Amino acid sequence: TLRKPISQSSMADWASKNLNMHTQGIFRRRISISNMLSWNGGSIKKPMLITSNRTIKKEACEMFKLVQSYMGDRQTRMDRNHVALVTVTKCWSMQGLRDELYIQLIRQTTDNTCYRSLAWGWELMAISLAFFSPSPKFQSYLEGYIYRHLDSDVNIAQRIKELVDLKNKKNSKSRKKRKQNTEDEGLPISTYAKYCYRKLQKVAVTGGKKGLRKPTVEEITHARNAILTPSLFGSSLEEIMLRQQDMYPGNKLPWVQTQLSQQVLALGGEQTEGIFRIPGDIDEVNALKLQVDQWRIPSGLSDPNIPASLLKLWYRELEEPVIPQQFYKECISNYENPDAAVAVVQLLPELNRLVLCYLIHFLQIFAQPSNVGRTKMDVNNLAMVMAPNCLRCQSDDPRIIFENTRKEMSFLRMLIVHLDTSFIKGLV
């Protein structure tokens with residue numbers, strides 16, 4: 001369910017307070033907010049948003065040219081992948097540029113009479129959201145803008161026609177060229193908007209790409225492909241199973257779950273001190289994530305902490321947790337009762353039950369006394385690191401979160417100790 005975004009009047013109020021109002025002509029007349037937020041074929045001489053940072057001021061104007069280049073509104077010798085890489089890297093490295101990029105994209109996708117340019121602008125927004133989120137103060141504005149395009153395809157086509165007709169009256173010579181520009185090319189704008197809306201919700205929580213390595217062309221391509229092909233990370237279990245239907249039709253469990261789990265064991269994870277507690281190198285984890293999302297497991301892995309970290313990330317990023325939200329209260333109510341805890345598992349939807357049982361079976365391997373002596377990760381430690389990846393508290397109250405964290409850990413501990421998962425051995 002989509003929460004109601006901020007109103008149009010609130011968005012206008014935000015714009016009036018935060019936009020760096022531009023001027024034009026010899027009398028330096030201020031440009032209206034509607035013009036400031038409408039497609040512009042020229043360059044800009046100062047940032048769209050108010051800032052006192054000199055570096056941001058300079059970079060913002062250069063970035064506007066990159067946005068125009070990606071959208072096909074400015075000629076460039078770079079290919080679009082490279083343009084996206086330069087743009088994303090600037091913003092990923094310089095936090096103060098992120099909101100500026102998003103407001104520039106809002107501008108260039110508003111009243112744009114070229115459908116291809118419009119689609120490419122939305123595509124760049126989708127790619128950017130894979131790497132970084134807007135600031136908290138700008139998030140609701142961007143969310144409101146995207147929300148208004150979720151079912152906007154008819155309105156957009158009508159608006160383009162109105163703008164083109166208006167320009168054709170002013171300049172009849174441009175009629176042929178403008179008509180070509182309005183031909184539909186590529187995906188409907190609502191497809192981009194729906195993807196961006198989901199991506200914005202997630203990136204606002206996860207914070208985007210982490211690590212020290214700068215974005216790569218491979219990651220840019222992957223982010224673009226994810227618009228149409230859902231990632232194995234951040235999707236629902238049902239979507240993941242649907243995606244693997246062609247490649248692994250007989251599998252009853254997500255390929256990504258079983259493969260990463262097997263990698264942890266193959267690399268001696270059950271004999272590695274601090275497994276699941278000590279994080280793997282974040283850049284290595286990112287690189288593995290990219291490979292796994294292309295159904296590949298590289299052969300050169302040596303550190304079990306890397307697949308272990310990615311496995312935790314996969315559980316944590318599921319669109320809905322392994323234990324769905326409607327069972328949450330029942331879980332934390334039965335955190336001290338082994339029979340009741342096991343009974344909750346039997347109530348789960350079949351796919352969730354299998355995925356959870358596979359996870360518990362996997363953790364039971366590490367809970368064996370012979371392995372605990374090496375890993376220093378007993379059943380309490382395993383429950384502590386894994387509970388947040390299986391259960392999600394919806395409350396904003398710190399006291400409730402703190403209290404429930406203890407109950408979540410205890411519930412998972414009950415499952416590791418008491419749940420019979422012997423049936424999993426023959427299941428893939």
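**Notebook: burial and salt bridges**

I began with burial: 50% of the 428 residues in the protein are buried (under 20% relative accessible area; exposed is over 50%, partly exposed in between; 1.4 Å probe, protein chains only). The model is predicted, so I noted that local features need pLDDT of at least 70 and side-chain atom pairs count only at pLDDT 80 or more, while totals for chains, interfaces and linings use all residues. Residues are numbered from 1 along each chain as its sequence is written, and side-chain values use heavy atoms, with hydrogens and water left out.

I looked up the fold next and found 21 helices and two strands (DSSP runs numbered from the N terminus: helices H or I, at least four residues; strands E, at least two).

I then searched the whole structure for salt bridges and got 15 (a side-chain nitrogen of Lys or Arg within 4 Å of a carboxyl oxygen of Asp or Glu).

One of them pairs arginine 224 with glutamate 123 at 3.2 Å, N to O. Arginine 224 sits in helix 11 (residues 217-225) and glutamate 123 in helix 6 (residues 115-129), so this pair ties together parts 101 residues apart in sequence. I find both residues buried.

Arginine 243 bridges to aspartate 293, with the closest N and O atoms 3.9 Å apart. Arginine 243 belongs to helix 12 (residues 237-243) and aspartate 293 to the loop between helix 14 (282-292) and helix 15 (305-317), so parts 50 residues apart in sequence are tied together. Arginine 243 is partly exposed at 22% relative accessible area, whereas aspartate 293 is buried at 5%.

I also logged a salt-bridge network linking Arg198, Lys202, Glu239 and Glu319.
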